[in-house]
Structure formats: structure tokens, C-alpha cells
Amino acid sequence: QVQLVESGGGLVRPGGSLRLSCTASGTIFSIWPMAWYRQVPGKERELAARIASGGGLTYAESVKGRFTISRDNAKETVYLQMANLRPEDTAVYYCNNFGGAWNWGQGTQVTVSS
């Protein structure tokens, strides 16, 4: 069974930066397209960014130009570098394979507020 552990969230002022990390265990990490999702209370989880097994990148329009997804297959870890954060980026951030087929981890809370 795949286990996902997200970390790196916190409280940051508008315009600030954070780097999220997610480590996956129990799978051959390198073969999977991976993604970061985010969810606010009362809303559906939405895709923020995706990285293919070969490295191709896709971003939601709302984060394009501000967020960067990357992966380190040797460490079985996917990252989300977030810059120029806005209050509307406040959410719980989760990683999963693209499509969300694995059990979700606990997520990491990102709060953008002055």
C-alpha cells in the first residue's frame, strides 16, 4: 500500500514563498505521473500542478508562473515550490499520483495571510 507524507506548509504573508515536499513509499515512484492538489473547506479538491514520469509539467491557470513542481526519483519525493503566494492559495495541499488513485495522505496546511 502506497503511503504519502506531505510536509512544508505553514503561515506566510502575501508575496511570500514556501516549498512543499511529499514522499511516497510502497511503490515504484519513478514510473508514476505525480501531482499536487489543494482543497479548501466546502470545495472540491483541485489540481494545482502535475509532473509526468518523464518530467513534462502542467499547471492550473491560477498558479502558472508562481508555482514550480519537480521530482527527485531517487528520494521518491515530489516538490512544490510556491512563490508570490496569495490569500486565495490558502488550502490544504496534497500530493498523489495524477488521477488520485492512491490513499490520500494527511496533507499540509498552507495559510497565506497578513
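The model is predicted, so local features need pLDDT of at least 70 and side-chain atom pairs count only at pLDDT 80 or more, while totals for chains, interfaces and linings use all residues. Residues are numbered from 1 along each chain as its sequence is written, and side-chain values use heavy atoms, with hydrogens and water left out.

**Exercise 1. Describe the surroundings of Asn-97.**

Start with the strand: Asn-97 belongs to β9, residues 91-97 (strands are DSSP runs of E, at least two residues, numbered from the N terminus). Next, check burial: Asn-97 counts as buried because its relative accessibility is 2% (buried is under 20% relative accessible area, exposed over 50%, partly exposed in between, with a 1.4 Å probe and protein chains only). Now follow the side chain, which reaches the backbone nitrogen of Ala-101 at 2.9 Å. Finally, leave aside neighbours within four places in sequence: Asn-97 is in contact with Trp-32, Pro-33, Met-34, Ala-35, Tyr-37 and Trp-102 (contact means heavy atoms within 4.5 Å).

**Exercise 2. Work out the strand order of the open sheet and find its edges.**

Read across the six strands: the order is β2-β10-β9-β4-β5-β6, with mixed pairing (two strands pair if DSSP finds at least two bridges between them). At the edges are β2 (10-12) and β6 (57-59); each has a single partner strand, so one side of each lacks a neighbour in the sheet. Inside the order, β4 (residues 34-39) and β5 (residues 46-51) pair in the antiparallel sense over five bridges.

**Exercise 3. Sort the side chains of β7 by face, then trace its hairpin.**

Then look for the partner: β8 (residues 77-82) pairs with β7 in the antiparallel sense over six bridges, with Met-82 opposite Phe-67. Between these strands the hairpin has four residues, and Glu-76 takes a positive phi near 55 degrees.

**Exercise 4. Locate the disulfide and say which parts it ties together.**

The structure holds one disulfide (a pair of cysteine sulfur atoms within 2.5 Å). Its partners are Cys-22 and Cys-95, with S to S at 1.6 Å. Cys-22 lies in β3 (residues 18-25) and Cys-95 in β9, so the pair ties together parts 73 residues apart in sequence. To finish, check burial: both Cys-22 and Cys-95 are buried.

Technical notes:
Polar contact = N/O pair within 3.5 Å; in protein donor to acceptor, adjacent residues only side chain to side chain.
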